[in-house]
Amino acid sequence: MPKARSERSKEFASSLVLATTLGISGFDDSLRWRAAGRLEAGQSQAEVARLLQGPQKVVSRLWNQFQTSGIATRKICHGRTRTMTSAQDRYLALSARRHRWTTVPQLARDLSAVSGRIISRQTVYSRLTEVALTLGVQTPFDCIQ
């Protein structure tokens with residue numbers, strides 16, 4: 001049986017109190033989704049910020065993110081950003097297949113000339129090994145036993 005509206009509000013308020021003790025950056029994804037749901041239902045940002053016991057700026061950023069992407073979860077960032085786009089990866093793989101005996105430095109120069117950005121030999125080599133291309137070396141077929 002579904003919970004009554006007052007029970008859900010109490011549950012929401014208790015999770016808000018828990019989240020505010022963790023701090024604004026400690027909101028878990030379920031709490032962010034609930035806040036986005038309340039905003040989508042028509043509550044004002046000020047009301048939701050009052051419920052969250054946090055600044056309205058945080059709620060505003062959450063709402064803007066939800067409207068543009070449809071996602072209320074936090075973006076997890078690890079490591080460095082990629083220097084090449086997926087389109088450049090596809091171009092590199094295609095040109096490597098077409099010009100099978102071209103060296104990695106030559107492919108790096110060609111890609112830099114086309115994209116207008118300097119891309120290192122090591123980056124090109126890494127991308128080619130990701131797509132399982134070995135330039136200049138023919139690999140023998142595995143024997144099927």
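Mentor: Rings of Phe, Tyr and Trp (its six-membered ring) pair if their centres lie within 6.5 Å; planes under 30 degrees apart count as stacked, over 60 as edge-to-face and the rest as tilted. This is a predicted model, in which local features need pLDDT of at least 70 and side-chain atom pairs pLDDT 80 or more, while totals for chains, interfaces and linings use all residues. Residues are numbered from 1 along each chain as its sequence is written, and side-chain values use heavy atoms, with hydrogens and water left out.

Trainee: How many aromatic pairs does a search of the whole structure find?

Mentor: The search finds two. The ring centres of W33 and F66 lie 5.9 Å apart with planes at 90 degrees, so this pair is edge-to-face. W33 belongs to helix α2 and F66 to helix α4, 33 residues apart; helices are DSSP runs of H or I, at least four residues, numbered from the N terminus. The pair of W63 and F66 is stacked, at 5.9 Å centre to centre and 25 degrees between the planes. W33, W63 and F66 form one aromatic cluster.

Trainee: Is F66 buried or exposed?

Mentor: Buried means under 20% relative accessible area, exposed over 50%, and partly exposed in between (1.4 Å probe, protein chains only). F66, at 13%, is buried; W63, at 17%, is buried; W33, at 37%, counts as partly exposed.

Trainee: Which residues make up the largest nonpolar core?

Mentor: In soluble globular proteins, nonpolar side chains tend to be buried together. A nonpolar core is a set of buried Ala, Val, Leu, Ile, Met, Phe, Trp, Tyr and Cys residues joined through side-chain atoms within 4.5 Å. Here the largest has 12 residues: L31, A35, A36, L39, V48, A49, L52, V59, L62, W63, F66 and A72.

Technical notes: Helix = DSSP H or I, 4+ residues; strand = E, 2+ residues; numbered from the N terminus.
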